[in-house]
Amino acid sequence: MHRRGIPKGYRNWTRSNVKRWENLRINNFKINGFGKLQNKEIELQNGINVILGENESGKSSMLKFISSMFYGASKNKNGKDISDFDKYKPWKTEEFSGKINYTLDNGETFEVYREFKKKNPIIYNSSKEDISKKFKIDKTKGIEFFEEQTGIDEETFYSTAISEQEGLRLSKSS
């Protein structure tokens, strides 16, 4: 958090220009190939969705897929042993891609198709028109469509919209 309780993901924050995203809804996604996951289609329900599975079944990969659809899979190691791009290259297929469908709180629905080997995804509106060129392009990050739509950077998205098991702890009094 920055001073005065403003989340650090909001750059140039004022009450008038922050986009609300409380009602962001991921409707569904399809993983063509991402890590050990391939040909998986998931339809999400309204409210909180819980993903359960055995150890090493791909739960964390599925969560990383969601954020990577919005922000891309970095080829930079960022202090890690291996980049996210290399870590999540598909194990059994050359198809390193997927799509995600989501609705913003203003009712607009979008579908994003991303080939992770390419920098920029293709963004479609609800009329299935390619609107990718309507968003600014950063030379290193590519199209920053999701941050532009929501005002949320990747770190803030991952730390607030996705809860992994390690991040959930119940007190003994619960």
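Helices are DSSP runs of H or I with at least four residues, and strands are E runs of at least two. On that basis, the chain of this predicted model holds four helices and seven strands. From the N terminus, the order of elements is β-β-α-α-β-β-β-β-β-α-α. The chain has 174 residues, and 39% of them count as buried. Its exposed surface comes to about 11800 Å². Carbon and sulfur atoms supply 47% of that area. Among contacts with a separation of 6 or more, 50% link residues 24 or more positions apart.

The interior was examined next. In soluble globular proteins, nonpolar side chains tend to be buried together. The largest nonpolar core of this chain has 31 residues. Phe-29, Phe-70, Ile-100, Tyr-102 and Phe-145 touch the most other members. Two or more residues come from each of β1 (25–34), α1, β3, β4 and α3 (145–150). Helix α1 gives the most, with six residues. Ile-100 illustrates the packing. Beyond its neighbours up to four places away in sequence, Ile-100 touches Ile-26, Asn-28 and Phe-29, among others.

Charged pairs were then considered. The chain has seven salt bridges, counted as a side-chain nitrogen of Lys or Arg within 4 Å of a carboxyl oxygen of Asp or Glu. One of them joins the side chains of Lys-64 and Glu-154, at 3.7 Å from N to O. Lys-64 belongs to helix α1 and Glu-154 to helix α4 (residues 154–161), so this pair ties together parts 90 residues apart in sequence.

A second bridge pairs Lys-117 with Glu-94, at 3.5 Å from N to O. Lys-117 sits in the loop between β4 (109–115) and β5 (122–124), and Glu-94 in the loop between α2 and β3 (97–103), so the pair ties together parts 23 residues apart in sequence. Lys-117 is partly exposed, with a relative accessible area of 48%. Glu-94 reaches 65% and therefore counts as exposed. Glu-115 and Lys-118 also meet through their side chains in a salt bridge, at 3.8 Å from N to O. Glu-115 is partly exposed, at 32% relative accessibility.

Ser-83 lies in the loop between α1 (59–71) and α2 (84–87). Its relative accessible area is 1%; buried means under 20%, so Ser-83 is buried. A polar atom of the Ser-83 side chain lies 3.1 Å from the backbone nitrogen of Asp-86. Ser-83 also has partners beyond its neighbours within four places in sequence. These contacts are with Ser-74, Lys-75, Asn-76 and Lys-77.

Definitions and conventions. Residues numbered from 1 in each chain as written. Predicted model: local features only at pLDDT ≥ 70, side-chain atom pairs only at ≥ 80, totals over all residues. Heavy atoms only, no water. Buried < 20%, exposed > 50% of the residue type's maximum accessible area, 1.4 Å probe, protein only. Contact = heavy atoms within 4.5 Å. Areas by Shrake-Rupley, 256 points an atom, 1.4 Å probe, with all protein chains shown as cover. Polar contact = N/O pair within 3.5 Å; in protein donor to acceptor, adjacent residues only side chain to side chain. Core = buried A, V, L, I, M, F, W, Y, C linked by side-chain atoms within 4.5 Å.
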